[in-house]
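Subject: The structure we talked about

Hi,

Here is the structure I promised to pass on. Have a look at it first, and then read on for what turned up.

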Amino acid sequence: LLVSKDLGKHLLEVEDLLQKHGLLEADISAQTERVQALNAAALKFSELEGYQPCDPQIICNRVNHVQTCLEELGELARKRRKELEDSRQLWAFFQEMEEAEAWIREKEQILASKTCGRDLSSVLTLTNKHKSMLGELGSRRALLHQSMKKGEQILAKKRLGPGGVQEKMREVRLRWKKLEEVTGLHQERLQEALNFFQFSAETDDLVAWLQDTYRIVSSDDFGHDDYSTQSLLRKHRGVVEEVEKHRAAVLALRKHLALLAPEHQQGVDVQIRVVEVEQLYGEVAEVAVLRQQWLQDALAVYRMFSEVHACEVWVDEKEQWLEKMEVPEELDEVEVVQHRFESLDQEMNSVMGRILDVNQVVQQLVDGGHPSSEEVRSCQDHLNSRWNRVVELVERKKSQLDSVLKIQNYLLEC
(Lines give C-alpha, C1' and ligand atoms only; values in the text may rest on other atoms or scores of the structure.)
Protein backbone atom coordinates (compact mmCIF):
# COMPACT_ATOMS: atom_id res chain seq x y z
CA LEU A 1 0.00 0.00 0.00
CA LEU A 2 2.79 2.46 0.85
CA VAL A 3 4.92 1.79 -2.24
CA SER A 4 1.92 2.21 -4.58
CA LYS A 5 2.48 4.60 -7.50
CA ASP A 6 -1.19 5.52 -7.70
CA LEU A 7 -1.29 9.22 -6.89
CA GLY A 8 -4.73 9.92 -8.37
CA LYS A 9 -5.87 11.25 -11.72
CA HIS A 10 -7.93 14.15 -10.42
CA LEU A 11 -8.47 16.12 -7.23
CA LEU A 12 -11.34 14.01 -5.84
CA GLU A 13 -9.38 10.79 -6.34
CA VAL A 14 -6.34 12.26 -4.58
CA GLU A 15 -8.53 13.38 -1.67
CA ASP A 16 -9.87 9.83 -1.43
CA LEU A 17 -6.34 8.39 -1.45
CA LEU A 18 -5.27 10.84 1.27
CA GLN A 19 -8.23 9.83 3.37
CA LYS A 20 -7.28 6.14 3.02
CA HIS A 21 -3.66 6.97 3.75
CA GLY A 22 -4.73 8.72 6.93
CA LEU A 23 -6.43 5.51 8.07
CA LEU A 24 -3.27 3.57 7.24
CA GLU A 25 -1.15 6.03 9.24
CA ALA A 26 -3.48 5.61 12.20
CA ASP A 27 -3.10 1.83 11.90
CA ILE A 28 0.71 2.17 11.77
CA SER A 29 0.62 4.42 14.84
CA ALA A 30 -1.42 1.82 16.74
CA GLN A 31 0.89 -1.02 15.66
CA THR A 32 3.93 1.05 16.65
CA GLU A 33 2.80 1.05 20.28
CA ARG A 34 2.25 -2.72 20.14
CA VAL A 35 5.65 -3.38 18.52
CA GLN A 36 7.44 -1.21 21.04
CA ALA A 37 5.73 -3.08 23.89
CA LEU A 38 6.68 -6.45 22.37
CA ASN A 39 10.28 -5.32 21.82
CA ALA A 40 10.53 -4.18 25.43
CA ALA A 41 9.19 -7.52 26.64
CA ALA A 42 11.57 -9.46 24.35
CA LEU A 43 14.62 -7.55 25.54
CA LYS A 44 13.92 -8.68 29.10
CA PHE A 45 14.72 -12.25 28.02
CA SER A 46 18.17 -11.11 26.85
CA GLU A 47 18.90 -9.74 30.31
CA LEU A 48 18.13 -12.93 32.34
CA GLU A 49 20.95 -14.39 34.45
CA GLY A 50 21.44 -18.10 34.65
CA TYR A 51 19.14 -20.11 32.45
CA GLN A 52 18.78 -18.56 28.96
CA PRO A 53 15.83 -19.87 26.94
CA CYS A 54 17.28 -18.21 23.83
CA ASP A 55 20.56 -16.67 22.77
CA PRO A 56 20.42 -12.95 23.85
CA GLN A 57 22.11 -11.91 20.62
CA ILE A 58 19.37 -13.51 18.57
CA ILE A 59 16.77 -11.66 20.65
CA CYS A 60 18.58 -8.35 20.18
CA ASN A 61 18.98 -8.92 16.47
CA ARG A 62 15.30 -9.76 16.12
CA VAL A 63 14.25 -6.69 18.10
CA ASN A 64 16.54 -4.47 16.02
CA HIS A 65 15.17 -5.97 12.81
CA VAL A 66 11.56 -5.36 13.83
CA GLN A 67 12.41 -1.77 14.89
CA THR A 68 14.16 -1.14 11.59
CA CYS A 69 11.20 -2.47 9.63
CA LEU A 70 8.87 -0.27 11.66
CA GLU A 71 11.02 2.82 10.98
CA GLU A 72 11.15 1.97 7.27
CA LEU A 73 7.39 1.59 7.28
CA GLY A 74 7.04 5.02 8.95
CA GLU A 75 9.43 6.54 6.42
CA LEU A 76 7.44 5.04 3.54
CA ALA A 77 4.24 6.47 5.07
CA ARG A 78 5.75 9.95 5.31
CA LYS A 79 7.08 9.71 1.78
CA ARG A 80 3.71 8.63 0.38
CA ARG A 81 1.90 11.40 2.27
CA LYS A 82 4.33 13.88 0.78
CA GLU A 83 3.70 12.47 -2.70
CA LEU A 84 -0.07 12.51 -2.20
CA GLU A 85 -0.01 16.09 -0.89
CA ASP A 86 2.13 17.14 -3.88
CA SER A 87 -0.36 15.40 -6.14
CA ARG A 88 -3.25 17.17 -4.41
CA GLN A 89 -1.45 20.50 -4.86
CA LEU A 90 -0.94 19.72 -8.55
CA TRP A 91 -4.55 18.72 -9.22
CA ALA A 92 -5.84 21.62 -7.12
CA PHE A 93 -3.73 23.89 -9.33
CA PHE A 94 -5.22 22.38 -12.50
CA GLN A 95 -8.73 22.70 -11.11
CA GLU A 96 -8.14 26.36 -10.26
CA MET A 97 -6.80 26.87 -13.78
CA GLU A 98 -9.91 25.24 -15.24
CA GLU A 99 -12.15 27.45 -13.10
CA ALA A 100 -10.19 30.51 -14.20
CA GLU A 101 -10.51 29.49 -17.86
CA ALA A 102 -14.24 28.90 -17.46
CA TRP A 103 -14.65 32.35 -15.84
CA ILE A 104 -12.61 33.93 -18.64
CA ARG A 105 -14.74 32.20 -21.30
CA GLU A 106 -17.91 33.41 -19.60
CA LYS A 107 -16.71 37.02 -19.51
CA GLU A 108 -15.49 36.79 -23.12
CA GLN A 109 -18.97 35.71 -24.21
CA ILE A 110 -20.56 38.54 -22.21
CA LEU A 111 -18.21 41.13 -23.72
CA ALA A 112 -18.74 39.74 -27.22
CA SER A 113 -22.51 40.14 -26.89
CA LYS A 114 -22.45 43.57 -25.26
CA THR A 115 -23.46 46.70 -27.16
CA CYS A 116 -22.60 50.28 -26.26
CA GLY A 117 -26.20 51.41 -25.76
CA ARG A 118 -28.65 53.41 -27.84
CA ASP A 119 -29.06 56.47 -25.63
CA LEU A 120 -27.57 58.16 -22.59
CA SER A 121 -29.65 56.16 -20.10
CA SER A 122 -28.68 52.76 -21.54
CA VAL A 123 -25.01 53.76 -21.79
CA LEU A 124 -24.98 54.83 -18.13
CA THR A 125 -26.57 51.49 -17.16
CA LEU A 126 -23.98 49.55 -19.19
CA THR A 127 -21.19 51.67 -17.71
CA ASN A 128 -22.30 50.82 -14.17
CA LYS A 129 -22.44 47.13 -15.07
CA HIS A 130 -18.99 47.37 -16.60
CA LYS A 131 -17.66 48.95 -13.40
CA SER A 132 -19.05 45.97 -11.47
CA MET A 133 -17.33 43.67 -13.92
CA LEU A 134 -14.05 45.53 -13.41
CA GLY A 135 -14.45 44.88 -9.68
CA GLU A 136 -14.92 41.17 -10.39
CA LEU A 137 -11.91 41.29 -12.68
CA GLY A 138 -9.79 42.74 -9.89
CA SER A 139 -10.89 40.05 -7.42
CA ARG A 140 -10.32 37.30 -9.98
CA ARG A 141 -6.90 38.76 -10.81
CA ALA A 142 -5.85 38.39 -7.17
CA LEU A 143 -7.05 34.76 -7.10
CA LEU A 144 -5.28 34.01 -10.37
CA HIS A 145 -2.10 35.53 -8.99
CA GLN A 146 -2.28 33.15 -6.02
CA SER A 147 -2.88 30.20 -8.36
CA MET A 148 0.12 31.19 -10.46
CA LYS A 149 2.24 31.26 -7.31
CA LYS A 150 1.14 27.70 -6.58
CA GLY A 151 2.13 26.73 -10.12
CA GLU A 152 5.56 28.28 -9.64
CA GLN A 153 5.95 26.34 -6.39
CA ILE A 154 5.08 23.13 -8.22
CA LEU A 155 7.62 23.93 -10.94
CA ALA A 156 10.23 24.65 -8.27
CA LYS A 157 9.78 21.06 -7.04
CA LYS A 158 10.59 19.85 -10.58
CA ARG A 159 7.37 17.85 -10.74
CA LEU A 160 5.71 19.02 -13.94
CA GLY A 161 2.90 16.50 -13.66
CA PRO A 162 0.49 15.43 -16.38
CA GLY A 163 -0.35 17.94 -19.08
CA GLY A 164 2.48 20.29 -18.11
CA VAL A 165 2.09 22.96 -15.46
CA GLN A 166 4.17 25.50 -17.32
CA GLU A 167 2.13 25.10 -20.52
CA LYS A 168 -1.12 25.53 -18.61
CA MET A 169 0.19 28.67 -16.88
CA ARG A 170 1.29 30.14 -20.21
CA GLU A 171 -2.10 29.36 -21.80
CA VAL A 172 -4.12 30.92 -18.96
CA ARG A 173 -1.86 33.99 -18.88
CA LEU A 174 -2.43 34.54 -22.60
CA ARG A 175 -6.21 34.18 -22.25
CA TRP A 176 -6.22 36.50 -19.27
CA LYS A 177 -4.19 39.10 -21.15
CA LYS A 178 -6.61 38.89 -24.07
CA LEU A 179 -9.57 39.28 -21.69
CA GLU A 180 -8.03 42.42 -20.16
CA GLU A 181 -7.43 43.83 -23.64
CA VAL A 182 -11.03 43.14 -24.68
CA THR A 183 -12.28 44.62 -21.42
CA GLY A 184 -10.18 47.73 -21.97
CA LEU A 185 -11.42 48.11 -25.55
CA HIS A 186 -15.03 47.74 -24.41
CA GLN A 187 -14.48 50.34 -21.72
CA GLU A 188 -13.06 52.72 -24.34
CA ARG A 189 -16.09 52.13 -26.58
CA LEU A 190 -18.44 52.74 -23.64
CA GLN A 191 -16.61 55.97 -22.81
CA GLU A 192 -16.78 57.08 -26.44
CA ALA A 193 -20.51 56.30 -26.54
CA LEU A 194 -21.01 58.09 -23.21
CA ASN A 195 -19.17 61.16 -24.52
CA PHE A 196 -21.28 61.14 -27.69
CA PHE A 197 -24.64 60.77 -25.95
CA GLN A 198 -23.69 63.35 -23.32
CA PHE A 199 -22.73 65.70 -26.14
CA SER A 200 -26.06 64.97 -27.85
CA ALA A 201 -28.00 65.51 -24.61
CA GLU A 202 -26.21 68.78 -23.90
CA THR A 203 -26.87 69.90 -27.46
CA ASP A 204 -30.56 68.98 -27.21
CA ASP A 205 -30.88 70.84 -23.90
CA LEU A 206 -29.16 73.87 -25.42
CA VAL A 207 -31.45 73.79 -28.46
CA ALA A 208 -34.55 73.51 -26.25
CA TRP A 209 -33.39 76.46 -24.14
CA LEU A 210 -32.61 78.53 -27.23
CA GLN A 211 -36.01 77.78 -28.75
CA ASP A 212 -37.79 78.78 -25.54
CA THR A 213 -35.68 81.91 -25.29
CA TYR A 214 -36.37 82.77 -28.94
CA ARG A 215 -40.10 82.65 -28.23
CA ILE A 216 -39.55 85.01 -25.29
CA VAL A 217 -37.33 87.54 -27.08
CA SER A 218 -39.53 87.55 -30.19
CA SER A 219 -42.65 88.46 -28.18
CA ASP A 220 -44.65 91.41 -29.48
CA ASP A 221 -45.69 92.45 -25.98
CA PHE A 222 -44.01 95.79 -25.27
CA GLY A 223 -46.30 96.84 -22.41
CA HIS A 224 -49.21 99.23 -22.34
CA ASP A 225 -47.81 101.92 -20.10
CA ASP A 226 -44.66 103.17 -18.41
CA TYR A 227 -44.87 100.72 -15.47
CA SER A 228 -45.56 97.56 -17.51
CA THR A 229 -42.85 98.39 -20.05
CA GLN A 230 -40.30 98.98 -17.31
CA SER A 231 -41.19 95.58 -15.83
CA LEU A 232 -40.78 93.90 -19.22
CA LEU A 233 -37.46 95.67 -19.75
CA ARG A 234 -36.12 94.45 -16.38
CA LYS A 235 -37.13 90.89 -17.22
CA HIS A 236 -35.61 91.17 -20.68
CA ARG A 237 -32.29 92.35 -19.26
CA GLY A 238 -32.22 89.17 -17.18
CA VAL A 239 -32.86 87.15 -20.35
CA VAL A 240 -30.05 88.99 -22.15
CA GLU A 241 -27.68 88.09 -19.30
CA GLU A 242 -28.67 84.42 -19.62
CA VAL A 243 -28.13 84.56 -23.39
CA GLU A 244 -24.66 85.95 -22.81
CA LYS A 245 -23.90 83.25 -20.23
CA HIS A 246 -24.86 80.56 -22.77
CA ARG A 247 -22.41 81.96 -25.31
CA ALA A 248 -19.58 79.96 -23.73
CA ALA A 249 -21.62 76.73 -23.97
CA VAL A 250 -22.28 77.34 -27.67
CA LEU A 251 -18.62 78.12 -28.37
CA ALA A 252 -17.58 74.98 -26.45
CA LEU A 253 -19.59 72.72 -28.78
CA ARG A 254 -16.78 72.70 -31.33
CA LYS A 255 -14.25 71.70 -28.65
CA HIS A 256 -16.52 68.94 -27.37
CA LEU A 257 -17.06 67.72 -30.92
CA ALA A 258 -13.29 67.49 -31.45
CA LEU A 259 -13.00 65.21 -28.38
CA LEU A 260 -15.48 62.67 -29.74
CA ALA A 261 -14.44 59.45 -31.44
CA PRO A 262 -13.71 59.87 -35.19
CA GLU A 263 -16.82 57.94 -36.24
CA HIS A 264 -18.94 60.30 -34.12
CA GLN A 265 -17.32 63.65 -34.81
CA GLN A 266 -17.24 63.02 -38.57
CA GLY A 267 -20.96 62.29 -38.74
CA VAL A 268 -22.83 64.69 -41.03
CA ASP A 269 -25.83 64.88 -38.69
CA VAL A 270 -23.66 65.90 -35.74
CA GLN A 271 -21.87 68.62 -37.68
CA ILE A 272 -25.16 69.95 -39.05
CA ARG A 273 -26.55 69.97 -35.52
CA VAL A 274 -23.66 72.09 -34.26
CA VAL A 275 -24.11 74.58 -37.11
CA GLU A 276 -27.85 74.78 -36.39
CA VAL A 277 -27.18 75.53 -32.71
CA GLU A 278 -24.69 78.26 -33.62
CA GLN A 279 -27.13 79.83 -36.09
CA LEU A 280 -30.01 79.63 -33.63
CA TYR A 281 -27.91 81.27 -30.93
CA GLY A 282 -26.99 84.05 -33.34
CA GLU A 283 -30.65 84.63 -34.13
CA VAL A 284 -31.59 84.66 -30.44
CA ALA A 285 -28.82 87.13 -29.59
CA GLU A 286 -29.80 89.38 -32.52
CA VAL A 287 -33.51 89.35 -31.71
CA ALA A 288 -32.72 89.94 -28.02
CA VAL A 289 -30.80 93.11 -28.94
CA LEU A 290 -33.68 94.27 -31.15
CA ARG A 291 -36.27 93.57 -28.45
CA GLN A 292 -34.26 95.51 -25.90
CA GLN A 293 -34.13 98.47 -28.28
CA TRP A 294 -37.88 98.18 -28.98
CA LEU A 295 -38.65 98.06 -25.27
CA GLN A 296 -36.46 101.09 -24.67
CA ASP A 297 -38.22 102.90 -27.53
CA ALA A 298 -41.62 101.88 -26.14
CA LEU A 299 -40.57 103.10 -22.71
CA ALA A 300 -39.44 106.37 -24.26
CA VAL A 301 -42.79 106.71 -26.04
CA TYR A 302 -44.80 106.04 -22.89
CA ARG A 303 -42.66 108.46 -20.91
CA MET A 304 -43.06 111.00 -23.70
CA PHE A 305 -46.84 110.50 -23.65
CA SER A 306 -46.81 110.89 -19.88
CA GLU A 307 -44.77 114.08 -20.15
CA VAL A 308 -47.04 115.38 -22.92
CA HIS A 309 -50.07 114.65 -20.78
CA ALA A 310 -48.57 116.54 -17.85
CA CYS A 311 -47.71 119.48 -20.07
CA GLU A 312 -51.18 119.47 -21.63
CA VAL A 313 -52.80 119.43 -18.20
CA TRP A 314 -50.80 122.53 -17.35
CA VAL A 315 -51.64 124.08 -20.73
CA ASP A 316 -55.35 123.34 -20.23
CA GLU A 317 -55.32 124.94 -16.81
CA LYS A 318 -53.46 128.07 -17.97
CA GLU A 319 -55.43 128.31 -21.18
CA GLN A 320 -58.73 128.30 -19.30
CA TRP A 321 -57.39 130.86 -16.81
CA LEU A 322 -56.13 133.14 -19.55
CA GLU A 323 -59.33 132.96 -21.56
CA LYS A 324 -61.52 133.70 -18.55
CA MET A 325 -59.23 136.39 -17.18
CA GLU A 326 -60.30 139.96 -17.85
CA VAL A 327 -57.78 142.73 -17.59
CA PRO A 328 -58.77 144.99 -14.66
CA GLU A 329 -58.90 148.76 -14.97
CA GLU A 330 -57.85 149.61 -11.44
CA LEU A 331 -54.14 150.04 -10.83
CA ASP A 332 -54.03 147.91 -7.70
CA GLU A 333 -55.72 145.03 -9.41
CA VAL A 334 -53.45 145.39 -12.41
CA GLU A 335 -50.39 145.07 -10.21
CA VAL A 336 -51.79 141.86 -8.65
CA VAL A 337 -52.36 140.38 -12.10
CA GLN A 338 -48.91 141.50 -13.15
CA HIS A 339 -47.38 139.57 -10.23
CA ARG A 340 -49.31 136.50 -11.33
CA PHE A 341 -47.83 136.83 -14.79
CA GLU A 342 -44.36 137.02 -13.32
CA SER A 343 -44.98 133.65 -11.60
CA LEU A 344 -46.48 132.39 -14.85
CA ASP A 345 -43.30 133.30 -16.71
CA GLN A 346 -41.28 131.12 -14.34
CA GLU A 347 -43.68 128.22 -14.82
CA MET A 348 -43.62 128.69 -18.57
CA ASN A 349 -39.82 128.56 -18.61
CA SER A 350 -39.95 125.27 -16.75
CA VAL A 351 -42.68 123.82 -18.96
CA MET A 352 -40.90 125.02 -22.09
CA GLY A 353 -37.84 123.04 -21.00
CA ARG A 354 -39.98 119.94 -20.64
CA ILE A 355 -41.55 120.53 -24.06
CA LEU A 356 -38.10 120.90 -25.61
CA ASP A 357 -37.13 117.56 -24.06
CA VAL A 358 -40.29 116.01 -25.55
CA ASN A 359 -39.38 117.40 -28.99
CA GLN A 360 -35.87 115.95 -28.68
CA VAL A 361 -37.19 112.50 -27.74
CA VAL A 362 -39.68 112.63 -30.62
CA GLN A 363 -36.93 113.49 -33.08
CA GLN A 364 -34.80 110.58 -31.84
CA LEU A 365 -37.72 108.16 -32.20
CA VAL A 366 -38.54 109.41 -35.69
CA ASP A 367 -34.91 109.29 -36.79
CA GLY A 368 -34.66 105.75 -35.40
CA GLY A 369 -37.60 104.63 -37.52
CA HIS A 370 -39.89 103.87 -34.59
CA PRO A 371 -43.14 102.15 -35.76
CA SER A 372 -45.22 104.75 -33.86
CA SER A 373 -43.45 107.69 -35.48
CA GLU A 374 -46.62 109.14 -36.99
CA GLU A 375 -48.53 108.96 -33.70
CA VAL A 376 -45.59 110.44 -31.83
CA ARG A 377 -45.21 113.25 -34.38
CA SER A 378 -48.93 113.99 -34.21
CA CYS A 379 -48.78 114.16 -30.43
CA GLN A 380 -45.79 116.50 -30.68
CA ASP A 381 -47.53 118.80 -33.16
CA HIS A 382 -50.64 118.95 -31.00
CA LEU A 383 -48.65 119.86 -27.89
CA ASN A 384 -46.59 122.46 -29.74
CA SER A 385 -49.71 124.07 -31.23
CA ARG A 386 -51.37 124.28 -27.83
CA TRP A 387 -48.20 125.67 -26.32
CA ASN A 388 -48.03 128.31 -29.05
CA ARG A 389 -51.65 129.23 -28.36
CA VAL A 390 -50.87 129.68 -24.65
CA VAL A 391 -47.86 131.79 -25.54
CA GLU A 392 -50.03 133.95 -27.80
CA LEU A 393 -52.65 134.32 -25.06
CA VAL A 394 -50.00 135.31 -22.57
CA GLU A 395 -48.54 137.86 -24.96
CA ARG A 396 -51.97 139.29 -25.69
CA LYS A 397 -52.90 139.54 -22.02
CA LYS A 398 -49.54 141.12 -21.24
CA SER A 399 -50.09 143.62 -24.03
CA GLN A 400 -53.48 144.52 -22.59
CA LEU A 401 -51.95 144.91 -19.15
CA ASP A 402 -49.25 147.15 -20.55
CA SER A 403 -51.91 149.33 -22.20
CA VAL A 404 -53.88 149.62 -18.95
CA LEU A 405 -50.70 150.46 -17.04
CA LYS A 406 -49.80 153.20 -19.50
CA ILE A 407 -53.27 154.75 -19.22
CA GLN A 408 -53.21 154.58 -15.43
CA ASN A 409 -49.73 156.12 -15.32
CA TYR A 410 -50.85 158.90 -17.68
CA LEU A 411 -53.85 159.63 -15.53
CA LEU A 412 -51.68 159.75 -12.43
CA GLU A 413 -49.32 162.17 -14.06
CA CYS A 414 -52.18 164.38 -15.12
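This is a predicted model: local features need pLDDT of at least 70, side-chain atom pairs count only at pLDDT 80 or more; totals for chains, interfaces and linings use all residues.

**What turned up in the model**

**Aromatic rings**

Seven aromatic pairs turn up in the structure. In one of them, Trp91 and Phe94 sit 5.7 Å apart, centre to centre, with 50° between the planes, which makes the pair tilted. Both residues belong to helix H2, which runs over residues 56–113, and they are three residues apart, about one turn of the helix. Trp91 has a relative accessibility of 17%, and because buried means under 20%, Trp91 counts as buried too. Together with Phe93, Trp91 and Phe94 make up one aromatic cluster.

Another pair brings two helices together. The ring centres of Trp103 and Trp176 are 5.9 Å apart and the planes are at 25°, so this pair is stacked. Trp103 is in helix H2 and Trp176 is in helix H4 (residues 165–217), so the pair ties together parts that are 73 residues apart in sequence. Trp103 and Trp176 are both buried.

**More on helix H2**

Ser87 is also found in helix H2. Is Ser87 buried or exposed? With a relative accessible area of 6%, Ser87 is buried. Leaving out residues up to four places away in sequence, Ser87 touches Leu7, Gly8 and Val14.

Leu73, which lies in helix H2 as well, has 34% relative accessibility and counts as partly exposed.

**Around His130 and Thr183**

His130 is in helix H3 (residues 120–156), while Thr183 is in helix H4. Each is buried: His130 has 2% relative accessibility, and Thr183 has a relative accessible area of 2%. What does His130 touch, not counting residues up to four places away in sequence? The list is Leu111, Lys114, Thr183, His186, Gln187 and Leu190. Thr183, with its neighbours within four places left aside, is in contact with Leu111, His130, Met133, Leu134 and Leu137. Leu111 is 19 residues from His130 along the chain, and their C-alpha atoms are separated by 9.5 Å.

**The largest nonpolar core**

In soluble globular proteins, nonpolar side chains tend to be buried together. Here, the largest nonpolar core has 28 residues, and those that touch the most other members are Met304, Trp314, Leu322, Phe341, Leu344, Trp387 and Val394. Helix H7 (268–324), helix H8 (331–367) and helix H9 (373–413) are the elements that give two or more residues to this core. Take Met304 as an example: apart from residues up to four places away in sequence, Met304 touches Val358, Val361, Val362, Val376 and Cys379.

**Salt bridges**

Side chains of opposite charge can pair when their charged atoms come close. Across the whole structure, a search finds 27 salt bridges. Three of them may be worth a look on your screen.

- Arg273 and Asp204 meet through their side chains at 2.8 Å, N to O. The pair links distant parts of the chain, with Arg273 in helix H7 and Asp204 in helix H4, 69 residues apart. Arg273 is partly exposed at a relative accessible area of 29%, and Asp204 is partly exposed at 39% relative accessibility.
- Glu307 and Arg354 form a salt bridge at 2.4 Å, N to O. Glu307 is in helix H7 and Arg354 is in helix H8, 47 residues apart. Glu307 is partly exposed, with a relative accessible area of 24%, as is Arg354, with 32%.
- Asp316 and Arg386 form a salt bridge in which the closest N and O atoms are 1.9 Å apart. This pair links Asp316 in helix H7 to Arg386 in helix H9, 70 residues apart. Asp316 counts as partly exposed at 28% relative accessibility, whereas Arg386 counts as buried at 15%. Salt bridges with shared partners join Asp316, Glu319, Glu323, Arg386 and Arg389 into one network.

Methods
Residues are numbered from 1 along each chain as its sequence is written. Side-chain values use heavy atoms; hydrogens and water are left out. Rings of Phe, Tyr and Trp (its six-membered ring) pair if their centres lie within 6.5 Å; planes under 30 degrees apart count as stacked, over 60 as edge-to-face and the rest as tilted. Helices (H or I, at least four residues) and strands (E, at least two) are DSSP runs, numbered from the N terminus. Buried means under 20% relative accessible area, exposed over 50%, partly exposed in between (1.4 Å probe, protein chains only). A nonpolar core is a set of buried Ala, Val, Leu, Ile, Met, Phe, Trp, Tyr and Cys residues joined through side-chain atoms within 4.5 Å. Contact means heavy atoms within 4.5 Å. A salt bridge is a side-chain nitrogen of Lys or Arg within 4 Å of a carboxyl oxygen of Asp or Glu.
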